[in-house]
Amino acid sequence: MIYLNGDFMPIEQAKISVLDRGFIFGDGVYEVIPVYSRRPFRLAEHLVRLQSSMDAIRLVNPNSASKWTELIGKIIAGNPWEDQNVYLQVTRGAAKRDHVFPKGLKPTVFVMASELVPPSAELVKSGAKAIVLPDTRWLRCDIKSTSLLGNCMLRTLAADEGCAEAILVRDGVLTEASASNVFIVKNGTVLTPPKSHLILPGITYDVVLEILRANAITHEVRPVTESELRSAEEVWITSSSREVLAITTLDGKPVGKGEKAGKPGPVGERVYALYQQYKVKVMRAPAHA
Ligand code: PDD
């Protein structure tokens, strides 16, 4: 079951105008919210980021946070899986094709869910492969826009090489990956780039930083150079669907040195375990705590 513009229906019945600016221009924003045991994870934070994306593109939020919460709750209840990815998208709506944002359109509001399948135990144990590519995207990667052609091109180049992710570098520094944020470990210290217009402010990125702080794991939020990325002891990607996943080969070369080369490292393994504990804690907490 999905939600479109006020109604709940099977996805096959959902129809939008061909003049929808989401279709014509990619003029819309979205969120992907993980749901564990039918409870949305970090919903308030996702709704705050949605508001920032909408403000950035002058889109008026059609729903209050409580209305979004209600809609998302209905989608979760109306779908069969205990663990879900709730996808929501708001576009500017349908209008005669004109680049200038028209005022006063009725936005198109769409919410759907799919089964959430976190990385398998085998993948967590082996880690994933990635390639490093120039970040060819635009300069407003902080907006969670549905215009994802740049990300899709980069991710496809990674898939062509049998890789799970493309890790991106702009002007000699690490930005993020095609659909995730990136952390590295250098001399035992966890490093990740600061939030800026060049990266998406990941909800999982924030959770990981909270975990690092709460457990006194040495870390710094600062620019990370391409050479630091390439010589890192550990590389991880973070996202709502991939959680904290080790990258164990970069451009075909093993990450790290010695006996841990090409295998997930100790800091990432610890953070992965802490992330799983945190999820369980949140799932068990009272509903409106
Ligand atoms: N991707 N950076 C980019 C470019 C992303 O697309 C994503 C998420 C992230 C991580 O954000 P979060 O931790 O809030 O999931 C970083 C989602 C899952 C997607 O597009 O499917």
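**Around the ligand**

Tutor: Start at R49: one of its polar side-chain atoms lies 2.8 Å from an oxygen atom of the ligand (a polar contact is a pair of N or O atoms within 3.5 Å). The model is predicted; local features need pLDDT of at least 70, side-chain atom pairs need 80 or more, and totals for chains, interfaces and linings use all residues. Numbering starts from 1 along each chain as its sequence is written, and side-chain values use heavy atoms, without hydrogens or water.

S240 also reaches the ligand. An N or O atom in its side chain is 2.7 Å from a ligand oxygen atom. A179 uses its backbone instead: a polar atom there is 3.4 Å from a nitrogen atom of the ligand. In total, 19 residues surround the ligand (a heavy atom within 4 Å). The closest are Y30, R49, E176, T204 and S240.

S240 leads us to N85. The two residues are 155 apart along the chain, yet their C-alpha atoms are separated by 8.5 Å. N85 sits in strand β5 (strands are DSSP runs of E, at least two residues; helices are runs of H or I, at least four). N85 is buried, with a relative accessible area of 14% (buried is under 20%, exposed over 50%, partly exposed in between). Beyond its neighbours within four places in sequence, N85 contacts several residues, among them V32, I33, P34, M112 and S241 (heavy atoms within 4.5 Å).

Now widen the view to the sheet. Six strands form an open sheet, in the order β2-β1-β6-β5-β3-β4, with antiparallel pairing (a pair needs at least two DSSP bridges). β2 (7–9) and β4 (39–40) are the edge strands; each has a single partner, so one side of each has no neighbour in the sheet.

Walk across from β2. Three bridges pair β2 with β1 (residues 2–4), in the antiparallel sense. Here Y3 faces F8 of β2. Next, β1 pairs with β6 over two bridges, again antiparallel. L4 stands opposite F110 of β6. Then eight bridges join β6 to β5, also antiparallel.

Helix α2 (residues 43–56) lies across β3 (28–36), β4 and β5 (84–91). The helix runs at about 175° to β3 (angles, from 0 to 180 degrees, are between N-to-C directions of lines fitted to C-alpha atoms, for helices over the stretch in contact). Helix α3 (residues 65–77) packs on the sheet too. It touches β1, β2, β3, β4, β5 and β6 (108–115), and its direction makes about 135° with that of β5.

Last, look at two loops. Most residues other than glycine have a negative phi. D171 has a positive phi, near 50°. D171 lies in the loop between β8 (165–170) and β9 (173–177), and is exposed at 76% relative accessible area. D251 also has a positive phi, about 50°, without being a glycine. Its loop runs between β14 (243–250) and β15 (253–254). D251 is partly exposed, at 31%.

Conventions
Buried means under 20% relative accessible area, exposed over 50%, partly exposed in between (1.4 Å probe, protein chains only). A polar contact is a pair of N or O atoms within 3.5 Å; within protein, one must be able to donate a hydrogen and the other to accept it, and residues adjacent in sequence count only if both atoms are side-chain atoms.
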